[in-house]
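Please examine the sequence and the three-dimensional structure shown below. The report that follows describes selected strands, cores and a helix.

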Amino acid sequence: MGFTWSDFGSTEQRKRHVKPHPDRLGPEIYQTHLNRIPHGGMERMVRMKKPYKIAAKAIIFDGDRVLVLRKSKAERSAKDTHGWDFPGGGLEPSEPLMEALYREVQEETGLSIRVVGPAYIYDDLQEEKHLIIIKFACRQPVGEVKLSAEHDSYHWTRMDELDESPYPEWMKEEIRRAYRIYME
């Protein structure tokens, strides 16, 4: 399957160094944010040793619905963020990626899931760390949603209502990409 630049979202998204994920032929993407690096700072950043922070996130589908969480007011205030989130989080030292994903989803939602496959890789060179977030398309949630203190609410959003949802456009695009993988 081939791809075109339109598969990679808006012009604004493409300006942020969007390129195809090297391990897939579909429209899944690997995104690196270099626009936050001060002018002339790239050489210095390449030489600096930054700690890696790796996180795994689950984009969970149940039929034609996707699960989106709302961060708690304290979390939204502390991080100055829009507040919408997928379940998941950082790996503990020496913890395998998939074990971290299952653990984080269980801790944050009380659900057990099945992973369909990787959907998106976000790679951000921040001032204090090198953040890598791997997002997975997931299915067959089992259990009843029981949120941790990190989140105030959850929303099962139907795919045909996604365009009207309050989520940021980049999040909607990640959901669409994960949905295509889920449906394969």
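How many bridges join strand E7 to E8, and do these strands run parallel or antiparallel? In this predicted model, eleven bridges join strand E7 (residues 112-125) to E8, and the two run antiparallel.

## Strand E8 and its neighbours

Strand E8 covers residues 130-142 and is mostly covered, since ten of its 13 residues are buried. A hairpin of four residues connects E7 to E8. Within this pairing, Tyr122 stands opposite Ile133 in E8.

Strand E8 is also paired with strand E3 (residues 52-62), to which nine bridges join it; here the strands run parallel. In this case, Lys53 stands opposite Leu131 in E8.

In soluble globular proteins, nonpolar side chains tend to be buried together. The largest nonpolar core in this model has 16 residues, of which Ile59, Phe61, Val66, Val68, Tyr167, Met171 and Ile175 touch the most other members. Two or more residues come from each of E3, strand E4 (65-71) and helix H5 (169-183). Helix H5 gives the most to this core, with five residues.

Ile175 illustrates these contacts: leaving aside residues up to four places away in sequence, Ile175 touches Ile59, Phe61, Val66, Val68, Phe86, Met159, Leu162 and Tyr167.

## Helix H4

Helix H4 consists of 13 residues (residues 97-109). At 1.5 Å a residue, H4 should span 18 Å, and this agrees with its end C-alpha atoms, which are 18 Å apart. After H4 comes Gly110, whose phi is positive, near 80°.

Which residues of H4 are buried? They are Ala100, Leu101, Arg103, Glu104, Val105, Glu108 and Thr109. These buried residues pack against E3, E4, strand E6 (88-90), E7, E8 and strand E9 (151-158).

## Two residues with positive phi

Ser94 is not a glycine, yet its phi is positive, at about 65°. Ser94 is found in the loop between E6 and H4. Is Ser94 buried or exposed? Ser94 counts as exposed because its relative accessibility is 79%, and the cut-off for exposed is over 50%.

Gln140 is likewise not a glycine and has a positive phi of about 50°. Gln140 is found in strand E8. With a relative accessible area of 41%, Gln140 is partly exposed.

Notes
Residues numbered from 1 in each chain as written. Predicted model: local features only at pLDDT ≥ 70, side-chain atom pairs only at ≥ 80, totals over all residues. Heavy atoms only, no water. Buried < 20%, exposed > 50% of the residue type's maximum accessible area, 1.4 Å probe, protein only. Pairing = 2+ DSSP bridges. Core = buried A, V, L, I, M, F, W, Y, C linked by side-chain atoms within 4.5 Å. Contact = heavy atoms within 4.5 Å. Expected span 1.5 Å × (residues − 1).
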